[in-house]
Amino acid sequence: LFFLIGGKDRRSGLILTIPLCLEQTNMDELSVTLDYLLSIPSEKCKARGFTVIVDGRKSQWNVVKTVVLMLQNVVPAEVSLVCVVKPDEFWDKKVTHFCFWKEKDRLGFEVILVSANKLTRYIEPCQLTEDFGGSLSYDHMDWLNKRLVFEKFTKESTSLLDELALINNGSDKGNQQEKERSMDLNFLPSVDPETVLQTGHELLSELQQRRFNGSDGGVSWSPMDDELLAQPQVMKLLDSLREQYTRYQEVCRQRSKRTQLEEIQQKVMQVVNWLEGPGSEQLRTQWGIGDSIRASQALQQKHEEIESQHSEWFAVYVELNQQIAALLNAGDEEDLVELKALQQQLSDVCYRQASQLEFRQNLLQAALEFHGVAQDLSQQLDGLLGMLCVDVAPADGASIQQTLKLLEEKLKSVDLGLQGLREKGQGLLDQISNQASWAYGKDVTIENKENVDHIQGVMEDMQLRKQRCEDMVDVRRLKMLQMVQLFKCEEDAAQAVEWLSELLDALLKTHIRLGDDAQETRVLLEKHRKFFDVAQSTYDYGRQLLQATVVLCQSLRCTSRSSGDTLPRLNRVWKQFTITSEERVHRLEMAIAFHSNAEKILQEFPEQPEAIHEMEQLDEIEAVGKSLLDRLTVPVVYPDGTEQYFGSPSDMASTAEHIREKMKLLSLKKQQLRQPEATTPES
């Protein structure tokens, strides 16, 4: 309906454009719109007058005339010139019926009819839009949007300033209760201040940017008067908004701080009241330590439930402590004393309660460990007692040694277990003695006495059981050592039989030679006697061991498993050895007699008168040699009828060969003695 394009006439008056159209024009709308547009420029600008361009190229003459008359009725003082842009040769005849220049005095302003291409005679082209052959750039939608934003911002900011002033002023008046009541009733503004401020800054930025933009032709263009007028208004509103909003933020901060402080104080008292009330009462009812592992575990489970309830309040404590620390860092001196007092009170109660929970948890853990060690020790004592109650029936000395070692290990384990029980018990007693420190004035002497009596009773009972087991172990150890000795005697006696058998076997297989002369045979006889002494010692050792087994069996009240068989074996082998030894001695003595007499005869050369006597000796020696040879072929016969030969047949043949050779020498000697008897008659 109207354009206030920002162009100016030669008198610096604003140019107002009325673009009429073929449709019916509503004069009321035109009048209202004109009033609105005329309210935008400043009084100084309006004093310079307006130049109105009525674009009638698309309208009828009567409409144009009506609009011009409407200008007379609405703004005759502000209008200085009306330029009616006519269509080419369309109104020529009708103009004669109404001449505007004749009506200048009545209208109050000059009206001229002009073609669009001749409008530049009255207005500079740079102040006209392209529709009228000018170069002024004008975007009506941009102007309209910007005007709507400006008016909206003006309306919202003005309303917001009133609200903020009311809130801020209300917070500065009256006592504390009135202040809070006022803030509660109207604390939040109807619009967001941040949004209004952002809108104002964006609007101001666009208004200021226009002055730096040029037209499409590069000609410098001055901002519209309404825009120049809007800038200080926007800036003034923004400054007022920032000031009131800053005060409002401070009011909100103070209110928020006070609210936060009150909430913190309320939560602190909730935590303190619960910890000093129900929380402490829960701990007062829990004083026992249980009389077994299961009982202690049940108490621990109950304590964990109590800790779980406390954990929820401790979490609130941590959160509150962080909030208080944040407020303390803010540095508001008026609240520092109150905040520090709250923080100290909260910390004292929470740390005291946490210490009590930890003490109780440590006490129950120590009780659980004590009962665990007591149970393990009891099981060890039961195992040791069961082992002692079973009669010992080992198969040999090694198994007895192994059993004895196991017994000693079990006893040592029991000693270590009892020592550990005493240490755990003493530590538990020390903790119980400190229990009164968190009893809140409650007399826990009776409850502690029950716990102390239980702990001491367990330790004394374990000590008595351990002492009984030690006594039984001493008896069992003595018995097992005697059994070890018994098995050792039996083993050694059997070994003596084996040794004697080996000596007999060696006598039969290796003691074969009879010597090549009397000297060698005497040496062999002396060695045999020593050999016999060794066998005699072995036999005597075996007899002593068997006698010791009899004594040990009587002491142990048991029968030996092997001594009844070992003694007959020992006697039998010894009998065989003595018979064989006697046979060996007899043969050596015969060999000595044979060799000594033979050597004597063979070395002498007696006179003739003694020849008869030597012949008799030779016969006797030959008889001994033959008897010795015969004896070499005879076996040794034992009482049970068994027979044994000395050595192998080849060994015996070798021994007999030496005797036969010497007998041959005796035969030659005998022949030499007989020859003189034969030669004497011839002589």
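This is a predicted model: local features need pLDDT of at least 70, side-chain atom pairs count only at pLDDT 80 or more; totals for chains, interfaces and linings use all residues.
Local features need pLDDT of at least 70, side-chain atom pairs count only at pLDDT 80 or more, and totals for chains, interfaces and linings use all residues. Residues are numbered from 1 along each chain as its sequence is written, and side-chain values use heavy atoms, without hydrogens and water.

Start with the rings. Rings of Phe, Tyr and Trp (its six-membered ring) pair if their centres lie within 6.5 Å; planes under 30 degrees apart are stacked, over 60 edge-to-face, the rest tilted. The count is 8 aromatic pairs. Tyr-317 and Tyr-351 are edge-to-face, because their centres lie 6.3 Å apart and their planes meet at 75°. Tyr-317 sits in helix α10 (residues 293-330) and Tyr-351 in helix α11 (residues 333-389), so the pair ties together parts 34 residues apart in sequence. Helices are DSSP runs (H or I, at least four residues), numbered from the N terminus. Tyr-317 is buried at 11% relative accessibility; Tyr-351 is exposed at 54%. Buried means under 20% relative accessible area, exposed over 50%, partly exposed in between (1.4 Å probe, protein chains only).

Now the core. A nonpolar core is a set of buried Ala, Val, Leu, Ile, Met, Phe, Trp, Tyr and Cys residues joined through side-chain atoms within 4.5 Å. The largest has 80 residues, and Leu-421 and Leu-428 touch the most other members. Helix α13 (445-510) is one of its suppliers, and gives the largest share, 19 residues. Apart from this core lies another, of 31 residues, including Ile-18 and Phe-109.

Note on methods:
Helices (H or I, at least four residues) and strands (E, at least two) are DSSP runs, numbered from the N terminus.
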